[in-house]
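Open the model in a viewer and keep a selection panel at hand. The stops below go from one selection to the next.

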Amino acid sequence: MNKPDKIYIAGHRGLVGAAILRHLQQQGYDNLLTATHQELDLSHQLQVQNFFQQHQPDYVFLAAAKVGGIHANNRYPAEFIYQNLAIETHVIESAYRAGVRKLLFLGSSCIYPKFAPQPMREQHLLTGELEPTNQWYAVAKIAGIKMCQAYYQQYGFKAISLMPTNLYGIGDNFHLENAHVIPALLRKFHQAKMTNAKHVEVWGTGQPRREFLYVDDLADACVFLMQSYQQAEIVNIGVGNDISIAELAQLVKKVVDYQGDIIFDPSKPDGTPRKLLDISLLSKLGWSAKTDLEQGLTHTYHWFLANQDKCRH
Ligand code: GFB
């Protein structure tokens, strides 16, 4: 990927797409192609075909997706499976037809079985049952991976797939019900601090463990692997360690500087007990994350404070 190449970032207003766009701009890439949802509906096949035929990008980062936390995944299964399947099939097929040189597809660590051995290796894909709360999203993402591999095998289309762990960072969705755990807790603890509430409610038992990657680190990994990785096999993108939701809640409490108590609500789902990625392949390829969790949470909280009026919630 060279500086004059035309690079399309699908989903440039989302958490991941915006981080990839920032990263490419910082590195001096300036032939960047984006389209808002109003300009291009990625779930509309003909619009996507025409867009690719008209613009003929050289490289594609496929960061557009319908995403959400445990509650949203469980509540809107049809939207999660349909929109993700539609976006993937239209973008991958149109990119191939338009002669795109390389496409990078983003999956998720929830593609692995609910009870996969920990840490989860790339080879654990399709070796057991999925976590029910996000099976719809996971099935769509698995279809995206297989589509990339099928196009690679049959047409030699260079479509690579990365599996990031749970992500967070600036530009995230801070919706109290539909967001992922980090933005939801940052907002809940902040509101509790502002209103002098006695306690904050954290969903589930607090016992599940999650691995968190700062989104600017993911963007760095995406650009690095777009430049250097050429295989159809998927690659896990993580930090190599995880923490419990109870420990995370303590850390968010510290970052927000909230003085009240934490209460757990076990009537809410825990989801997968643990999702730690094995990152040996990624390390062998020469990449590692830079931002530690407390530092990343602090950046994200400061961004939230400065952007409360315009952030998504
Ligand atoms: O981030 P999260 O919604 O998604 O939840 P998953 C992680 C854990 O945090 C769960 C707990 O055990 C939640 O019960 N939790 C505690 C909370 N308090 C809260 C809260 O206020 N909001 C939220 N959202 N969670 C997602 C999938 O699973 O992982 C997606 O739903 C995606 O499809 C993503 O794959 C990577 O980690 O459980």
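Select leucine 248, which is buried at a relative accessible area of 0% (buried means under 20% relative accessible area, exposed over 50%, partly exposed in between, with a 1.4 Å probe and protein chains only). This is a predicted model, in which local features need pLDDT of at least 70 and side-chain atom pairs count only at pLDDT 80 or more, while totals for chains, interfaces and linings use all residues. Residues are numbered from 1 along each chain as its sequence is written, and side-chain values use heavy atoms, with hydrogens and water left out.

Leucine 248 lies in helix H8; helices (H or I, at least four residues) and strands (E, at least two) are DSSP runs, numbered from the N terminus. Show what surrounds leucine 248: not counting residues up to four places away in sequence, it touches Val181, Ile182, Leu185, Phe212, Ile243, Leu293 and Leu297 (contact means heavy atoms within 4.5 Å). Arginine 209 is 39 residues away from leucine 248 along the chain, and their C-alpha atoms are separated by 9.2 Å.

Now widen the selection to residues 245–256, the whole of helix H8. Its 12 residues should span 16 Å at 1.5 Å a residue, and the end C-alpha atoms are 16 Å apart, so the two agree; the expected span is 1.5 Å times one less than the number of residues. Buried residues in H8 are Ile245, Leu248, Ala249, Leu251, Val252, Lys253, Val255 and Val256. Aspartate 257 follows H8 and has a positive phi, near 65°.

Lysine 193 is found in helix H6. With a relative accessible area of 29%, lysine 193 is partly exposed. Draw a C-alpha distance from lysine 193 to lysine 253: the two are 60 residues apart in sequence and 9.4 Å apart in space. Leaving out residues up to four places away in sequence, lysine 193 touches Val256, Asp257, Tyr258 and Tyr301.

Move on to asparagine 196, in the loop between helix H6 (181–194) and strand E7 (199–203). Asparagine 196 is not a glycine, yet its phi is positive, about 55°. It counts as exposed at 67% relative accessibility.

**Stop three: the nonpolar cores**

Select Ile20, Phe52, Phe61, Leu103 and Ile237, which touch the most other members of the largest nonpolar core, a set of 68 residues. A nonpolar core is a set of buried Ala, Val, Leu, Ile, Met, Phe, Trp, Tyr and Cys residues joined through side-chain atoms within 4.5 Å. Helix H7 (residues 215–228) gives the largest share of this core, eight residues. Another core lies apart from it, with 27 residues, among them Val200, Ile245, Val256 and Ile262.

Colour H7 by burial: 10 of its 14 residues are buried, including Asp217 and Asp220. From its first C-alpha to its last, H7 reaches 20 Å, close to the 20 Å expected at 1.5 Å a residue.

Then centre on leucine 103. Apart from neighbours within four places in sequence, its contacts are Val60, Val91, Ile92, Ala95, Cys148, Phe157, Lys158, Ala159, Ile160 and Met226.

**Stop four: the loop between E4 and H5**

Select proline 119, in the loop between strand E4 (102–106) and H5. A cis peptide bond joins glutamine 118 to proline 119, with omega about -10°. Leucine 126 is found in the loop between E4 and H5. Its phi is positive, about 60°, although it is not a glycine. At 56% relative accessibility, leucine 126 counts as exposed.

**Stop five: the second largest pocket**

Which residues line the second largest pocket? Select Arg121, Glu122, Gln123, Leu125, Lys146, Gln149, Glu233, Ile234, Asp278, Ser280, Leu281 and Lys284. On a 1 Å grid over the protein atoms alone, a pocket is an open set of points where a 1.4 Å probe fits, with protein on both sides within 12 Å along at least five of seven lines; lining residues have an atom within 4 Å of a point.

The volume of this second largest pocket is about 240 Å³, taken as the space filled by probe spheres set on the points, which are joined across faces, edges and corners. Helix H5 (135–155) and helix H9 (280–285) each supply at least two residues of the lining, and the largest share, three residues, comes from H9.
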